[in-house]
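These are my notebook entries on a single protein chain.

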Amino acid sequence: MLRECNRVLKPGGRIAGYVIHIPAGVTEAQERRAAELGPSDVTAPASPEALTRAAGLTIVVTEDVTDAFRATCAALAAARRDLEDELRADEGDDFYEEERRKKNAMLKGIDEGILRRSLVVANKE
């Protein structure tokens, strides 16, 4: 996706995005655990910065926003609990349970220090 962004950006163009990733220095066991708890693409072969550079983009800013992300996940999990009856009626039991499981898993991964979220801003030179 980053290569395609680089292809369509004009020189001097900028792209920004949030990425959930595994921090550097985790063990193999922690990486497997992060893969269980996080989104499907969390086990990228390199850091967000390395992937951005490999796509030919120049990083302007990388900022760890994990604390704010944790607060958002916790708020979403609480809202799902508070609105459980309405959400189950609207989404169905299976979807409700899957979303509840995902939010709780993400919170576990953040609390265990194996899932991070970063804002990455890059330019095309």
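Entry 1. Second largest pocket.
I began with the second largest pocket, which holds about 180 Å³ of space. Of the 14 residues that line this pocket, I found Gly38, Pro39, Lys102, Lys103 and Met106 closest to its centre. Two or more lining residues come from each of α2 (28–37), α4 (66–82) and α6. Helix α6 contributes the most to this lining, namely five residues. By class, I noted eight nonpolar, two polar and four charged residues in the lining.

For the terms, I worked on a 1 Å grid over the protein atoms alone: a cavity is a set of points where a 1.4 Å probe fits but cannot get out, whereas a pocket is an open set with protein on both sides within 12 Å along at least five of seven lines, and lining residues have an atom within 4 Å of a point. Grid points are joined across faces, edges and corners, and the volume is the space filled by probe spheres set on the points. Ala, Val, Leu, Ile, Met, Phe, Trp, Tyr, Cys and Pro count as nonpolar, Asp, Glu, Lys and Arg as charged, and the others, Gly among them, as polar. Helices (H or I, at least four residues) and strands (E, at least two) are DSSP runs, numbered from the N terminus.

Entry 2. Basis and confidence.
I recorded that this is a predicted model, in which local features need pLDDT of at least 70 and side-chain atom pairs count only at pLDDT 80 or more, while totals for chains, interfaces and linings use all residues. Residues are numbered from 1 along each chain as its sequence is written, and side-chain values use heavy atoms, with hydrogens and water left out. The average pLDDT (the predictor's confidence in each residue, from 0 to 100) is 93, and 100% of the residues score at least 70.

Entry 3. Overall layout.
I counted six helices and three strands, in the order α-β-α-α-β-α-α-α-β from the N terminus. The C-alpha atoms fill a box of roughly 50 × 35 × 20 Å along the principal axes. Of the 125 residues, 32% are buried; buried means under 20% relative accessible area, exposed over 50%, and partly exposed in between (1.4 Å probe, protein chains only). Among contacts (heavy atoms within 4.5 Å) between residues at least 6 apart in sequence, 80% join residues at least 24 apart.

Entry 4. Largest pocket.
I then turned to the largest pocket, with about 780 Å³ of space. Its lining has 32 residues, and those closest to the centre are Val19, Ala44, Ser47, Pro48 and Leu51. The elements α1, β1 (14–21), α3 (48–54) and β3 (116–123) each give two or more residues to the lining. The largest share, seven residues, comes from β1. The lining comprises 23 nonpolar, five polar and four charged residues.

Entry 5. Nonpolar cores.
Which residues touch the most other members of the largest nonpolar core? In this core of 14 residues, they are Ile20, Phe69, Cys73, Met106, Ile110 and Leu115. Helices α2, α4 and α6 each give two or more residues to the core, and α6 gives the most, with four. A nonpolar core is a set of buried Ala, Val, Leu, Ile, Met, Phe, Trp, Tyr and Cys residues joined through side-chain atoms within 4.5 Å. Leaving out residues up to four places away in sequence, Phe69 touches Ile20, Met106, Ile110 and Arg117. I also noted a second, separate core of five residues, including Cys5, Leu9, Ile15 and Ala122.

Gly109 is found in helix α6 (residues 93–111) and counts as buried because its relative accessibility is 0%.
Ile114 is placed in the loop between α6 and β3, and I list Ile114 as buried because its relative accessible area is 2%. Ile114 and Ala35 are 79 residues apart in sequence and 9.4 Å apart in space, C-alpha to C-alpha.
Thr52 lies in helix α3 and is buried, with a relative accessible area of 5%.
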